[in-house]
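Thanks for coming. Please have a look at the model on the screen, and I will then go through a few of its parts.

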Amino acid sequence: AGAAPLRPGGHPAVMCCESKRRFLLLYATQKGQAKAIAEEIWQQAGAHGLEADMHCISEMDKYNLETEKDPVVIVISTTGTGEPPDTARKFVKKIQDKTLPPDHFAHLQYGLLGLGDSEYMFFCNGGRTVDRRLQELGAQHFYDTGLADDCVGLELVVDPWIDGLWLALKEALQLQKEKEGMNNAVSAVSSSLSTAPHAVHELKLSSEVQNLKLEDEEARGSDTLSQKLDDINHVAPAGDAEPSLVHSVPPVSQSALNIPALPPEYIEVEFQDTQGENPHLSSLISEGRTFEVPVTKAVQLTREDAVKTALLLELDIADTAFEYQPGDAFCVMCPNNVSEVEKLLHILGLSEKGDNFVCVKVKQGTKKKGAVRPQHIPERSTLKFILTWCLEIRAIPKKAFLRALVECTSDAGEKRRLQELCSRQGASDYTHFIRDSNVCLLDLLHAFPSCKPSLSLLIEHLPKLQARSYSVSR
Ligand SMILES: Cc1cc2nc3c(=O)[nH]c(=O)nc-3n(C[C@H](O)[C@H](O)[C@H](O)COP(=O)(O)O)c2cc1C
């Protein structure tokens, strides 16, 4: 019920709501990404008329897979050398029990999203282990397993996986409803139904997405930003017959659009005149200590034409005192590029305010359920600090972000194109011109010059700038 039909320039039609159907959502995380993704699924569920009953997989007193009738969604990462996260240990031990019969989970329908990093030998092994064992115990997929690679960007798999999840869940719930109905009416029929083929939504995600490769990082450098847009022929297409980032062709350009509901605003920012220090970088990480160390050597290991650039960086840690051993992880925090931050400030009309302290609060009376102040924005820091150290300004904008940007765009043509890009009808344009092209916020703001978002909107929609983890080896 989240997508209401919208005619060009029209208003969303009122749609009736069904009572919300439940599904169980379990996450197993080591560093927080699987949890953040589960929270995103939890948040989106409402707009799809569904309710996610979400728990950490370790909270085994809060759910019971032995009796679970509703579909189960599992988001699980990998740590160590192909191990499931610590929070999943007990769960894995429980399902590994050799005495369990092969139909132990025959009643269970599930979809699994594994997180990993292809730089590691045992890619997504935590998720694969759980997936394999659930299959051995008779559980059935209602949706293809997704394996997301942190090395090229989890979102390349996570976003389409979540987009496809809703239809698959609805089909699974419908099937379950029919099954229950049959069960109630004629018990004899139920046994044959349980073995009937599933109306599974075949996405073949896992195989497709693993083949995605990272675009040359160099092409994302700030100096080449606008060049990139020209290069990929999105701003200046060959002719009107060709679609581009800013230009659509029939049928998209002529159709009525189903666009997502406008996400409610929930952030308020206030500039303060006070002076002071920005927080120490260590406050941006949840565990461990931070050290600022010089980079003493940087060598490009790959050729210029390599699909993915690999760099050997040497850090001088002579002046730091800490113990480490093979298997430990270092988290490297890379700030956003200074000139990109400056460009963003300029477009936002906030160049003068970069050094002002900003107070970020939840907007009073917001309609967003459970709105909380983003934890990754410090209580007291300057605007430049937030844009440099806290927000992932190069993230690929999600459809909800595009939907919100529509409201800040004055040019009618640009507004319509942004509506198309977040609409159901424009789904393949979104994939092609935004996701696959690695378009980021600055690209969009260059391509749609009448779009003038507020700082609060950016804080609502730009994800946390994550520290990147690297394992220590001998
Ligand atoms: C110390 C460490 C070990 C890891 N080991 C693996 C591994 O063996 N296989 C893999 O596919 N990914 C591995 N990863 C990558 C993580 O699974 C990946 O970054 C994931 O997105 C983390 O999700 P989380 O924050 O929910 O734990 C490892 C990451 C770290 C920091």
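This is a predicted model: local features need pLDDT of at least 70, side-chain atom pairs count only at pLDDT 80 or more; totals for chains, interfaces and linings use all residues.

Residues are numbered from 1 along each chain as its sequence is written.

So, the ligand. How many residues surround the ligand? There are 26, and the closest are Lys31, Gln33, Ala34, Ser77 and Gly116. A residue counts as near a molecule or strand if its C-beta atom, placed from the backbone, lies within 6 Å of it. Two or more residues of this shell come from each of α1 (33–45), β5 (109–116) and β15 (468–471). Helices (H or I, at least four residues) and strands (E, at least two) are DSSP runs, numbered from the N terminus. By class, the shell has nine nonpolar, 14 polar and three charged residues. Here Ala, Val, Leu, Ile, Met, Phe, Trp, Tyr, Cys and Pro count as nonpolar, Asp, Glu, Lys and Arg as charged, and the others, Gly among them, as polar. The ligand lies between domain 1 (3–210) and domain 2 (215–276 + 324–474), because both give residues to the shell. The domain bounds come from an automatic or database domain assignment.

Next, the sheet. Three strands form an open sheet in the order β9-β13-β14, with antiparallel pairing. β9 (267–272) and β14 (381–382) are at the edges with a single partner strand each, so one side of each has no neighbour in the sheet. Strands pair if DSSP finds at least two bridges between them; β9 and β13 (residues 357–362) have six. Phe271, for one, has Val358 in β13 as its bridge partner.

Now the helices. α11 (residues 412–422) and α12 (residues 427–435) pack at about 105°, with axes 7 Å apart. The axes are lines fitted to C-alpha atoms, for helices over the stretch in contact, and angles run from 0 to 180 degrees between N-to-C directions. α11 and α12 are therefore roughly perpendicular, since angles under 35 degrees count as roughly parallel, over 145 as roughly antiparallel, 65 to 115 as roughly perpendicular and the rest as oblique.

Last, the backbone. Most residues other than glycine have a negative phi, and most peptide bonds are trans. Cys124, not a glycine, has a positive phi of about 55°. Pro250 and Pro251 are joined by a cis peptide bond, with omega about 5°.
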